[in-house]
Amino acid sequence: MDSRNTHCLVIGAGAVGASCALHLVDAGYRVTLVDRLEPGMGTSYGNAACISPSQVGPYSYPGVWKNIPRWLLTREGPMTIRWGDLPWTAPWLWRFWREGNAAGVERCGQAQAALMRHVHDDYAAQLERTGQTGLLKSKGLVVLYDTEAAFEGDRWRYDLGARHGFGWERISTAELKRHRPPIQHDGVALYVPSWKHTLDPAKMTAGFAHAAIEAGARWVNDTVEAVIAGDGRVTARLAGGETLEGDRLVVAAGPWSNQLAAQLDYAVPMAPKRGYHTMIAEPGLDLGGPVMSGDRAFVMTPLADGLRLAGTAEFARLDAAPNYRRAKVLVDSARRYLPDLGAGGATEWLGQRPMMADSLPVISPSPGHPEVIYAFGHGHYGLTQGPTTGRLVTALLSGDSPGLDLSPYRFDRFRR
Ligand SMILES: Cc1cc2nc3c(=O)[nH]c(=O)nc-3n(C[C@H](O)[C@H](O)[C@H](O)COP(=O)(O)OP(=O)(O)OC[C@H]3O[C@@H](n4cnc5c(N)ncnc54)[C@H](O)[C@@H]3O)c2cc1C
């Protein structure tokens, strides 16, 4: 399609939507980018800041349910369920459980790897384009497990990554000291070299949006209340009273995308897999690079303005109030590895991962409206896969070859 005469509305200025807007404007499209928050202030604001291509395995897998009682009963455990919200979360949890079979693990591994193979190249290009190459660091990832048994329980995930080209190695105590000097740990330690991290995910994401705006995209700071598509036109009605008209619509509203998809097509099996962070401005130490606790499912990442402790999972309604005890527990967990960790200037945050039941994103035309493209559901990896998704969405809109099979990410895959 002739991009010069085509006006695209992009809803959502997170890592995914901002990347879509930037690729579209660079491909010559007229773009309007809408978000009720400032760019990069949704889920993309407070994540663990890691570009994590080796993570190709799904979160529902054979045997996962055996761990759940232990996870739920441990104060520092990686998972909680808000029991009062169970009527709302149970259908998704059921669907998620059904995806957790051996065939699903293989399918997810292949489909995630097909995206992950491109993320570093796409990041390099997008950071170069937006003048932000200094925000990315290549320090790999260190993973810690308390016991051999805990590591063996997760080993399949690292082996799956390795089968798709993302290697890992066990490291000695001396090597651990070299990679991450302040860590004190006498259990299992791994090193995953393919990981990178950004010094500021919010600033970086905002940088993508601002580059799109500087290149000609219109920025609208408002809430989209209603969307309509048909006969080659799209309309978005805004809370502030304005109505936006365009030729194409990109729904990149992260965990809120189902509210728009339900108006256009139908809601897909996506749930907010909530996570927390505590950001410590004065940690009193230099970690050297990201460290993940395999037992407690959180990551410690050194950022430009302090040390971020981010992770864990909480299943609750999208609009449920935060439980910041989950963020405080992260500091106790971190002190298991960093006994001298300071907590000066600590702030807490809740974020909602847009988590599909099969752990794969939606990067897809709408089944009912050729004017609409969906780009959401990236779960744990929206920061990682944002630039790649922006490139693929632009290829879908332009009718260019995306260079990979996009069928695993189809919107309608749960109905076929
Ligand atoms: C604790 C935690 C740690 C994580 N760590 C990592 C990590 O290390 N690496 C990684 O790759 N990923 C990580 N993630 C996941 C990652 O943050 C998300 O996958 C990613 O931010 C999703 O990006 P997005 O652009 O789809 O959504 P968002 O960043 O949430 O953007 C969606 C935007 O849409 C806007 N919006 C929604 N509805 C409307 C509407 N109706 N009108 C107007 N605007 C609307 C919102 O305001 C928001 O700004 C983590 C997540 C959490 C919670």
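# Ligand shell, pocket and cavity

Visitor: How far from an oxygen atom of the ligand does a backbone N or O atom of Ala-49 lie?
Guide: This is a predicted model. A polar contact is a pair of N or O atoms within 3.5 Å. The backbone atom of Ala-49 and the ligand oxygen lie at 3.4 Å.

Visitor: How much of the ligand's area does the protein bury?
Guide: Taken alone, the ligand exposes 1000 Å². Of that area, the protein buries 97%.

Visitor: Which elements give two or more residues to the shell around the ligand?
Guide: The ligand is surrounded by 34 residues, and the closest include His-380 and Thr-384. Two or more shell residues come from each of these elements: α1 (15-26), β15 (270-282), β19 (344-356) and α10 (382-398).

Visitor: How many residues of the shell around the ligand are charged?
Guide: Asp-35 is among the closest residues to the ligand, along with Thr-43 and Ser-44. The shell holds 15 nonpolar and 15 polar residues. Its charged residues number four.

Visitor: Which element gives the most to the lining of the second largest pocket?
Guide: This pocket has a volume of about 300 Å³. Its lining has 19 residues, with Arg-107, Ala-111, Asp-358, Leu-360 and Pro-408 nearest the centre. Both α3 (86-99) and α4 (102-129) supply at least two lining residues. With six residues, the element that gives the most is α4.

Visitor: How many residues of that pocket's lining are charged?
Guide: The lining of the second largest pocket has ten nonpolar and three polar residues. The charged residues there number six.

Visitor: Which helix gives the most to the lining of the largest cavity?
Guide: One cavity of 30 Å³ or more is found in the whole structure, and the largest holds about 40 Å³ of space. Its lining includes Arg-157, Tyr-158, Gly-161 and Ala-162, as well as Trp-168. The helix that gives the most, with four residues, is α5 (residues 148-163).

Technical notes: Residues are numbered from 1 along each chain as its sequence is written. This is a predicted model: local features need pLDDT of at least 70, side-chain atom pairs count only at pLDDT 80 or more; totals for chains, interfaces and linings use all residues. Side-chain values use heavy atoms; hydrogens and water are left out. On a 1 Å grid over the protein atoms alone, a cavity is a set of points where a 1.4 Å probe fits but cannot get out, and a pocket is an open set with protein on both sides within 12 Å along at least five of seven lines; lining residues have an atom within 4 Å of a point. Grid points are joined across faces, edges and corners, and a volume is the space filled by probe spheres set on the points. A residue is near a molecule or strand if one of its heavy atoms lies within 4 Å of it. A polar contact is a pair of N or O atoms within 3.5 Å; within protein, one must be able to donate a hydrogen and the other to accept it, and residues adjacent in sequence count only if both atoms are side-chain atoms. Accessible areas come from the Shrake-Rupley method with a 1.4 Å probe; for residues, only the protein chains shown count as cover. Ala, Val, Leu, Ile, Met, Phe, Trp, Tyr, Cys and Pro count as nonpolar, Asp, Glu, Lys and Arg as charged, and the others, Gly among them, as polar.
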